Amino acid sequence: MITRAAPLGDARSGKLADNLVAFGRALRRAGVPVDSARLALAGEAAALVGVESRADLAAALEATLVSREQDRTVFAELFDAYFRDPKVAAHLLAQMLPRTPGHAEPARRPRVREALSPQAPERGGESSSERQVELDAAMTASEQQRLRHADFNALSADEYRLVERLAREVALPLPEVASRRTQAGTRGPALHWSRTLREAGRNGGELLRLLRRRRRAQPLPLLVLVDVSGSMERYARLLLAFLHAATRGRRRDVFAFGTHLTDLTPAFRLADTDAMLAAANQAIDDFAGGTRLGASLAALRRDHARRLVGGRTLVLLVTDGLDTGEPEALEHELDWLRRHCHRLLWLNPLLRFEGYQPLARGAAALYRKADGMLAVHNLSKLQDLAAALAAVLRTCRT
């Protein structure tokens, strides 16, 4: 005789629809885009698969409520919290964090903890932007200091949005190099005869001063490669926003890479950072997947080699170095990249760990080939990045 499994949560008393609505609200608070149409579809899916199987219900809800790869882990943790036992549902309807007496709560992502925490009632007529401004104004000095040094991966959804806005205000003055073009000045290796004679003509033919020819200074052309794999999920969007705002007006080429290379340069030409992020989200189809840096660099060499301007380009490679490809292929492509750029700098979020060593095969290859390795895991490191770049460029290979 086959025994039917007990219904999950308050489904046994007909409250599943209420739980689904509360579950959808929690997903929205955790940053997962869920609208009423998706919730209605989730209700239909739950009715079709039933609640006899926890795995089937989870799969049905995930298929209808989750549209981005990076939100799957958040969904899984929230689903486990909402539908793990019947007594939790009453607390869920009040949007309180469920606790099992005598048992410690499992470690959860900040986005999940925030979604399950009690929500303060909204004041009538107050917009979300007004509440955000009030939050920013009321933030204490200790809270500001904490956010400056907090790892991007440890921020709640609200903190992440605030830090992303703050990151857009961080300046990144790039080092300058002498260009091939020249201009007139008081010093230089050779006389600037054309400017000198033109000035003499304006003074009745008198040579009042001899102008000299000197090379113009210009910022290094910039090539940025940003890892958008699963391990870089919480860093990629924030660093893209930072780089877009900090390098505005500079010559820059930007690529994202995961399992393959994606050209984000057209998106970076947009003036608005939010519009750039939306365009980048549309362009990247391997977000939160694996990392194949060697294959991505091969695609760069094959299809975009002209983006490297005469060996004068500064390359910023933003990745944790957890490559899944063959290290020999990666080393070959890194050797080519070093020969065709001015400097190759590795911006590594894993430097947040004290005593970090690049022991993974891909990370070890990258460490051997890069001119320097810099940390980019919090606001403080982003604010120090310009000085760190200048220091590394002074001391690295000539």
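Tutor: Let us begin with one side chain in this predicted model. Phe 23 has a relative accessible area of 0%, so Phe 23 is buried.

Student: How is a pair of aromatic rings described?

Tutor: In general, one gives the distance of the centres and the angle of the planes. The structure holds four aromatic pairs. In one of them, Phe 23 and Phe 79 are arranged edge-to-face, with 6.4 Å from centre to centre and 70 degrees between the planes. Phe 23 belongs to helix 1 (residues 16-29) and Phe 79 to helix 4 (residues 72-82), so this pair ties together parts that lie 56 residues apart in sequence.

Student: Is Phe 79 buried or exposed?

Tutor: Phe 79 is buried, because its relative accessible area is 5%, and buried means under 20%. Phe 79 also pairs with Phe 75: the ring centres are 6.0 Å apart and the planes meet at 25 degrees, so that pair is stacked. Both residues lie in helix 4, four residues apart, which is about one turn of the helix. Phe 75 counts as buried too, at 2% relative accessibility.

Student: How do the strands of a sheet pair?

Tutor: They pair through backbone hydrogen bonds, either parallel or antiparallel. Here, an open sheet of six strands has mixed pairing and the order 6-5-4-7-8-9. Strand 6 (261-263) and strand 9 (372-374) are the edge strands, each pairing on one side only. From one strand to the next, the twist averages 25 degrees. Strand 8 (residues 343-347) pairs with strand 9 in the parallel sense, over three bridges. Within strand 9, Met 373 is the bridge partner of Trp 346.

Student: Which residues make the nonpolar surface patch?

Tutor: A patch of about 430 Å² is made by Trp 193, Leu 197, Leu 207 and Leu 210. Of these residues, Leu 197 lies in helix 10 (residues 193-202). Leu 197 has a relative accessible area of 53% and is therefore exposed, as exposed means over 50%.

Conventions
Residues are numbered from 1 along each chain as its sequence is written. This is a predicted model: local features need pLDDT of at least 70, side-chain atom pairs count only at pLDDT 80 or more; totals for chains, interfaces and linings use all residues. Side-chain values use heavy atoms; hydrogens and water are left out. Two strands pair if DSSP finds at least two bridges between them. Helices (H or I, at least four residues) and strands (E, at least two) are DSSP runs, numbered from the N terminus. Axes are lines fitted to C-alpha atoms, for helices over the stretch in contact, and angles run from 0 to 180 degrees between N-to-C directions. Patches are made of residues with over 30% relative accessible area and no salt bridge: like charges are joined within 9 Å, nonpolar side chains (Val, Leu, Ile, Met, Phe, Trp, Tyr) within 5 Å. Accessible areas come from the Shrake-Rupley method with a 1.4 Å probe; for residues, only the protein chains shown count as cover. A salt bridge is a side-chain nitrogen of Lys or Arg within 4 Å of a carboxyl oxygen of Asp or Glu. Buried means under 20% relative accessible area, exposed over 50%, partly exposed in between (1.4 Å probe, protein chains only). Rings of Phe, Tyr and Trp (its six-membered ring) pair if their centres lie within 6.5 Å; planes under 30 degrees apart count as stacked, over 60 as edge-to-face and the rest as tilted.
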